[in-house]
Amino acid sequence: MQLNNNVTEFILLGLTQDPLRKKIVFVIFLLFYLGTLLGNFLIITTIKTSQTLGSPMYFFLFHLSLSDTCFCTSIAPRMIVDALLKKTTISFSECMIQLFSFHFFGCLEIFILILMAADRYVAICKPLHYTTIMSRQVCAALVAIAWMGSCVHSLAQIFLALSLPFCGPNVIDHYFCDLQPLLKLACADTYVINLLLVSNSGAICTVSFVMLMCSYVIILYSLRNHSAEGRRKALSTCISHIIVVILFFGPCIFIYTRPATTFPMDKMIAVFYTLGTPLINPLIYTLRNAEVKNAMRKLWRKKLISDDKR
């Protein structure tokens with residue numbers, strides 16, 4: 001379908017065109033990205049090597065950290081490199097690849113957060129049946145469904161993008177390829193495509209957010225029957241999850257559930273959920289989780305011991 005378009009590459013304006021600000025963007029987001037990689041790789045390594053973190057909650061947390069890493073990587077490296085260049089261009093094919101990977105891992109994160117909420121619901125509200133309902137086979141099947149669902153969502157996004165005719169301007173007022181900025185460049189009526197975009201990405205964000213918040217309300221309400229220690233532990237876990245949900249879904253709903261209009265703050269809001277949330281997630285799940293912190297200490301001690309033996 002690209003052959004029907006006159007545009008073979010796009011110019012990305014990025015966050016700013018000011019040389020000094022671009023250098024500031026480079027430094028800040030390089031640190032953000034390195035912090036994201038370090039935090040998520042630490043969680044992935046800890047869960048993979050620790051024998052005490054074998055419950056379904058940590059199985060889902062492993063996949064959340066994996067999706068966070070890939071989600072951020074689909075945007076950050078190019079954004080960081082582009083901050084050093086005077087003129088930044090991206091080919092049509094690269095733009096479509098970035099669009100697919102960004103939506104794939106973003107949607108995967110949404111589905112994993114839903115699975116984590118379901119896991120906490122079963123653990124707190126159905127404790128006697130927890131091991132039966134959330135067996136290893138069931139968890140693996142749920143994660144596989146999440147990956148397939150994310151693929152379907154991303155393919156729909158690509159189909160919408162490829163259906164847009166580009167025949168004139170090729171300047172994207174953004175720092176990555178997404179459907180909203182691409183809609184502004186299309187030389188055709190995009191009303192129907194915008195409706196499809198809202199019904200796809202917008203609906204996934206909004207419905208998932210409502211489902212998650214309702215599930216946590218039910219969980220928190222059911223805690224009244226638990227012991228003080230049980231309430232404290234469950235509250236600590238659930239509050240961590242709720243913080244992640246609000247930080248991720250708030251900006252996404254703002255961006256994807258409105259008509260094809262752009263605001264000056266859109267790019268900064270996009271920065272928050274593309275780079276900020278993947279960095280914050282590891283901090284929330286480690287600082288508020290005693291089991292993860294203990295497992296990390298043990299992993300660090302093992303490394304020190306092995307280094308001493310050498």
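Let me begin with a definition: helices (H or I, at least four residues) and strands (E, at least two) are DSSP runs, numbered from the N terminus. On that basis the protein chain has 11 helices and 3 strands. Read from the N terminus, the order of these elements is β-α-α-α-β-α-α-α-β-α-α-α-α-α.

A word on the source is needed here. The model is predicted, and for that reason local features need pLDDT of at least 70 and side-chain atom pairs count only at pLDDT 80 or more, while totals for chains, interfaces and linings use all residues. Residues are numbered from 1 along each chain as its sequence is written, and side-chain values use heavy atoms, with hydrogens and water left out.

I turn to the overall dimensions. The C-alpha trace of the protein chain spans about 65 × 50 × 30 Å along its principal axes. The radius of gyration, taken over C-alpha atoms, is compared with a globule rule of 2.2 Å times the number of residues to the power 0.38. For 310 residues a compact globule would come near 19 Å, and the protein chain, at 21 Å, agrees with this.

Contact means heavy atoms within 4.5 Å. Among contacts in the protein chain between residues at least 6 apart in sequence, 79% join residues at least 24 apart.

Accessible areas come from the Shrake-Rupley method with a 1.4 Å probe, and for residues only the protein chains shown count as cover. The protein chain has an accessible surface of about 15,500 Å², with 70% of it belonging to carbon and sulfur atoms. A residue is called buried under 20% relative accessible area, exposed over 50%, and partly exposed in between. Of the 310 residues in the protein chain, 48% are buried.

Let us now consider the interior. In soluble globular proteins, nonpolar side chains tend to be buried together. A nonpolar core is a set of buried Ala, Val, Leu, Ile, Met, Phe, Trp, Tyr and Cys residues joined through side-chain atoms within 4.5 Å. Which residues have the most contacts inside the largest nonpolar core? They are Leu61, Ile112 and Leu113, in a core of 68 residues. Helix H4 gives the most to this core, with 14 residues. Apart from it lies another core, of 22 residues, including Val7, Phe92, Leu164 and Ile172.

Neighbours within four places in sequence aside, Leu113 is in contact with Leu64, Leu212, Val244, Phe248, Phe249 and Tyr285. Ser154 counts as buried because its relative accessibility is 0%. With neighbours within four places again left aside, Ser154 is in contact with Phe100, His103 and Phe104.

I come next to charged pairs. Side chains of opposite charge can pair when their charged atoms come close. A salt bridge is a side-chain nitrogen of Lys or Arg within 4 Å of a carboxyl oxygen of Asp or Glu. How many salt bridges does this rule give? The count is 4.

In one of them, the side chains of Asp82 and Arg78 meet at 3.5 Å, N to O. Both residues lie in helix H3 (residues 76-82), 4 residues apart, about one turn of the helix. Asp82 is buried, at 10% relative accessibility, whereas Arg78 is partly exposed, at 23%. Arg78 also forms a salt bridge with Glu94, the closest N and O atoms being 3.9 Å apart. This pair links distant parts of the chain, with Arg78 in helix H3 and Glu94 in helix H4, 16 residues apart.

A further salt bridge joins Lys267 and Asp173, whose closest N and O atoms are 3.0 Å apart. Lys267 lies in helix H10 (residues 266-287) and Asp173 in the loop between strand E3 (171-172) and helix H7 (179-183), so the pair ties together parts that are 94 residues apart in sequence. Lys267 counts as buried, at 16% relative accessibility, and Asp173 as partly exposed, at 41%. Salt bridges that share partners join Arg78, Asp82 and Glu94 into one network.

Definitions and conventions
Buried means under 20% relative accessible area, exposed over 50%, partly exposed in between (1.4 Å probe, protein chains only).
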